[in-house]
Each structure stands twice: as C-alpha cells, then as structure tokens.
Amino acid sequence: MAATQQEARSCARTPKRTNMASFNSNEWRAICDKFTNAQNLTEIESRNDPENDPFRSKYKARELLREIYCSLKNFEAGEGEEEGGGESGDQRPTEQPVDGQREDLFGQGFSGDSPAGLRAAKLGAVEYYLGVNHVDTEELPAGQEHLMNCMKLLERCRVSSLNVSLFIHVRNQLGILWAGRDETETAQGFLETAESIYQRYMKEDGSPPTDMTEYFAAEESLLTHQERIKRFELAYTHTMYYLAQVYKNLGQTERAATYCHTTLQRQLQLNQFTPMEWALNAATLSQYYITKGRYMEGRHCLSAATVISDLAGEVPSEAAAQENEAESERREHLRQKRAEIARCWIKYCLNLLQDAKKQLEDNIGELDTDRQEELKRARRREEEEEEKGRKSALLFGSEDTFDSIASIEEKVMCLFPLDFTEARSVFLVGQNHVTQAKDYFQMDGYVTDHIEILQDHSALFRSLAFFEEDLERRCKMHKRRVDMLEPICNDLNAQYYLMIRRQLMFELAETYNEMMDLKLALANRQADTQSLDNHTIKKFNHLCSASAKYFQMFLDSLCSPEGKFPERLEEEVLRPALVARFRVARLHSRFISTSPTVQLDNLNKSLENYKYVVQYCEANPEAGATVETELELSKEMAGLLPLKINRLKARMASNN
C-alpha cells in the first residue's frame, strides 16, 4: 500500500481545478506529452540503461505516470459521473475486487462511453501502466496493487468500445503475475474472464475499440481503425498464449495444445512474431500431436516451423562470426534453433515408423502380411479422411507462406507406411535431419545431445529393418547401428556418463542378438544346423559372444566398487537387469561347439542365470510382474537344463 498512499498524499497537496480540462487545452496537452515521454522511457530508453542502474528509465517513467495520475484526480467529476452512480473520485478504491464478482460486465454500471466512464478508463489506464512498471522493476506487491486498483475502477463501468481493451489488458497482466507465483488457478480465472470479455464484445459490438494509449493522445495522433483492430487482436492473442501456459501447468495438455495452436496462427495473421521463436514453438507443438498419433497436425507444425525459420535469414559464415561478436551470437542462435527443429523432425519420422510397426507386427514381432494387405485396402479411405481433416484443421500460413508449407508437407507422408518403399521414404527424411542436427550438436561440447541423436538414428535403422524382407540387407542395417554406437560406448567415461553407457550397452547387446538370429535364419534357409559350415558357425558364435559381452557389461555396471552385485535391484534397472540375465542365459545355451567341455561350461552358465531370475522373483514377488514372459521361460529352462547337463556328463564319462 505504501506506493499508492504516497501518491495519494502527493495528489492531495495539488489544488483542485474547477472543471474538466477540454480536449485541446494546454493542461491536457501537457498530460499527453508526459504520457508520450513515459512510453518512450519504458519502451525505448530503458534498453540502453546501464547494468548498474537497470531500471533508471522506468523509474523516470513512473514519476511521470504519478504526475499524470495526480492531474487526472484533480479534475472535477462531471455530472455524468454522479448520475452514473460512480464515486466522487477523491479517493482511490480500497476494496480489491475478485475477478468476475460482478456477474454482468456488459449490463451493469454506468456507460463506458460516458464522461464518468472515460474518466474511470483514464485513471484505470494510469493504474495499469503503473502496475506494469512496478512488475517490470520486480516490485510485485506494488504492481499487483496498482493493477487491482485498475480493476476496481473498471468495475463501475459497463464494457464498451472505449474500455474493452483495458478490461482485457489488465486481466492479462494479473494472469501473468499470479502464474509467476505458481498460483495457476488464480491466473486461470483472470485469463478466462479476459477471453469471455473478448468473445462477447466481438459478438455484440465488434467495432474497432479504443486503444489505451489513445486516452492520452491528441486528435491528430489517434489510431486508424485498422491499427486499433490489430492491437486489440494482439491483446487477445496474448490471452490465448498465457492460457496455453496455464492449461499446460494444470495438466490439461489437449486444451493447452489447442490454445498454443490458435496463438501461433494468430501471430502469423497479425504478423507479430519472431521467426525463430515462432518456429521452435510450432516444432515443440508438433511433439504433442505426435504423441497423440495425430501425424497430419504434427507434420503441418514441423513444415510451418521449417518455412518460418527460414525467415530469420542465412546463418552467418564462420569467418563473419569471428570478426563480429553480434554475428557470432546470431550464428550460434540460428544454428542451435534449426538443429532443435531438426531433432523434432527426427522424432516425427521415428514415431511414425514405430507406430506403423506396431500396427503391422505379429505376436513374435515379424511383419504380418495379412494385416499389411488389410491396411493397404483401407488406405484409400484413410487418404479421404486425411483430406477431410486437412480441410477442417486450423492451418498455419499466409499468402506468402502457405504454398511453401504445403510443398514441404508433400515430401513426407503422415499416414502409416505399409511397405519398405514407403518406410524408406520416411527414414530418409529422418536421416537428413539427423545429419543437420549432428552438425550442431557435436560430440565435442554436446555429448548427451549427440548421443541421443545417434540413438534416434539407430532406432530409425531398426524400424526400417522391420520392413525389409531381405534378411541379409536387414542384418546390414543392424550392423550400421553397431558401427555408430560401439565406438561411442567404449570411449565414454563411465564415471560421468554411467546412465548413457548402460543404455548403449543394452542396445548393442540387443542389436548383436538380432543379428545373430538373422544369421541363423539365413543359414537355416540353406541347410539344417548340423551341416553349417565353419565360417557360418564362427560368425554366429561371434555375434552370440558380442551380445553376451554387452549384456554382461551392463550387469557389471550395476555392481558396487568392490564388484558385488546388488542384493536388491533399484526400480529403474529392475526389468533391464532381469532381462539381461535371461538373455545371457539364453545366449550361453545357443553357442555352437563340438567340444563337450565347452558345451557343459555354457550350459552351466545358462542354468546359473536362469536360476537367478527365478530365485530373485521368488524373493521379491513384485519383480515377477515386470518380467512375466521371461520368468515363465526361466522356470521352464531351470527345470529342463539339469537333465540336459546330466545327459552330457554321462556321455562325457562313457567316452572316457
């Protein structure tokens, strides 16, 4: 209260005038000039304030606003205000309103266009600007007080073309203020009221409303109708933007996405956006649509992001960046943001391939050709639905950008790929963006980001391999995955990148395992296992050994510094650890060897790991739910292997 009480005392020392100054009077022009100066200090001069006095211009602007407030308070109220039931104006409102307490902002109170309404709007506008000023200078309680004073002044008036902009602006600011305090539901109340005021005003009136700056403008400086509309629509766009953040924080993700999409579209229509910021927001929104399987909307957001990001201009050359600090910062900014958009494209392509795989795979993870044919027959209907959806969707773009966005969309499908040719087209788009992302997120300086991009690249190959019918080519795709991940895994510092190394070790183990199965399937097409040639056996055993090695490395990474395996596994590694044990058991039982001693050693290692899975789940029953299939097979093998081991021992004994 201290700030406003001081201003009230200051105003009280100023003698009252006898009547309201006329629009063209010298007194009024002085007020208008002060307001113009205050705006200039706030919006322009403040950018050049020194670091040791960052709010110097805003403090000066505050003093001018206080003087304007005092001058306005000292004009006598006209008859219209008294008749309208308003207050005399000598005192600031002391009771803070709760937003929305008056049921009908459009039908109660005195007319917003009356002299009393105009006076309340002008006083309210100064309170608003003082509130924003205090918030900008990090004096939030005083800022809130001024903004609530503005609300109270407006409570006396009906919404009209003269004050509707102020009604919305003050609620936007209060929404921001309360959201910044993590009082999300309070912020929601202010912003939703602002939204409903806009919607009802546009429905019942719709004329270009007066902008708040026009309260203090000479007649020759009044805005055109077009500029009024633009500013009013921009205020409502801000309402949409802040509501998107509020709904996101409340966990209402679908609603948040809708408001974010509307905000982005309105920014384009009003030509009020920073290209790279807009593009990154659109790319981020695409990730929400992807998680919901709405690939048409996701593709549209990413295509728009690519087109709009190009409006930011060319990336300065390395030579230019070395000569000029501003060019260096611009180069860094553009390269980073475009690389982040590229990563969003990678996720789009990867998720589209993975979701298509889920639609097409049978119960053992292979391509279900009957399902494939069924989906191909349904494709025409899907294409028609896509076209209908496109017509009803809220599309980005203007006359300048719409064709460019559509051109990019045509280069990548948004329906599930159903065969290798279609899958490859999606894969290649993803791979192109991998190259772009890696160019910025290099291993030197961006270790975690670089590896995540490599993992996505590996996942793209894995998804594409599902569609490949040629087993030899499929195996080569998995070999590409090994070639990109193995050097990184072996070079990473285990102390600093333990979690990432574990991920890589597990993926490498699974990749070698898939290659082993493919090699065996290829061999079985040519002959039975009894007649495998030495080269094939050697290759098979190498893949089997490599898979077991990486699974064992993963398990060893869970050990204490003394090398002891934990008695109880942490939740985040429970399933991976038990699966690794199961896989190691399976791999040892699959080694091909003519030596009975080697066979016996492998079978014993296999039994040991199967038993571990069974015994751990018996000691910790909740663990069984995480590895139901593996546990069932482990129990079966733990019962069968001892018989096989005994037969082998008996044969070895008889041979001796």
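How are H9 and H10 oriented to each other? In this predicted model, local features need pLDDT of at least 70 and side-chain atom pairs count only at pLDDT 80 or more, while totals for chains, interfaces and linings use all residues. Residues are numbered from 1 along each chain as its sequence is written, and side-chain values use heavy atoms, with hydrogens and water left out.

Helix H9 (residues 225-249) packs with H10 at an angle of about 155 degrees, and their axes are 8 Å apart (axes are lines fitted to C-alpha atoms over the stretch in contact, and angles run from 0 to 180 degrees between N-to-C directions). H9 and H10 are therefore roughly antiparallel to each other (an angle over 145 degrees). The contact (heavy atoms within 4.5 Å) involves residues of H9 including Leu234, Tyr241 and Tyr247, and residues of H10 including Ala256, Tyr259 and Leu270. By class, eleven nonpolar, five polar and five charged residues make up the contact of H9 with H10 (Ala, Val, Leu, Ile, Met, Phe, Trp, Tyr, Cys and Pro count as nonpolar, Asp, Glu, Lys and Arg as charged, and the others, Gly among them, as polar).

Asp182 counts as exposed at 67% relative accessibility (exposed means over 50% relative accessible area, with a 1.4 Å probe and protein chains only). Helices are DSSP runs (H or I) of at least four residues, numbered from the N terminus.

Conventions: Buried < 20%, exposed > 50% of the residue type's maximum accessible area, 1.4 Å probe, protein only. Helix = DSSP H or I, 4+ residues; strand = E, 2+ residues; numbered from the N terminus. Parallel < 35°, antiparallel > 145°, perpendicular 65-115°, else oblique.
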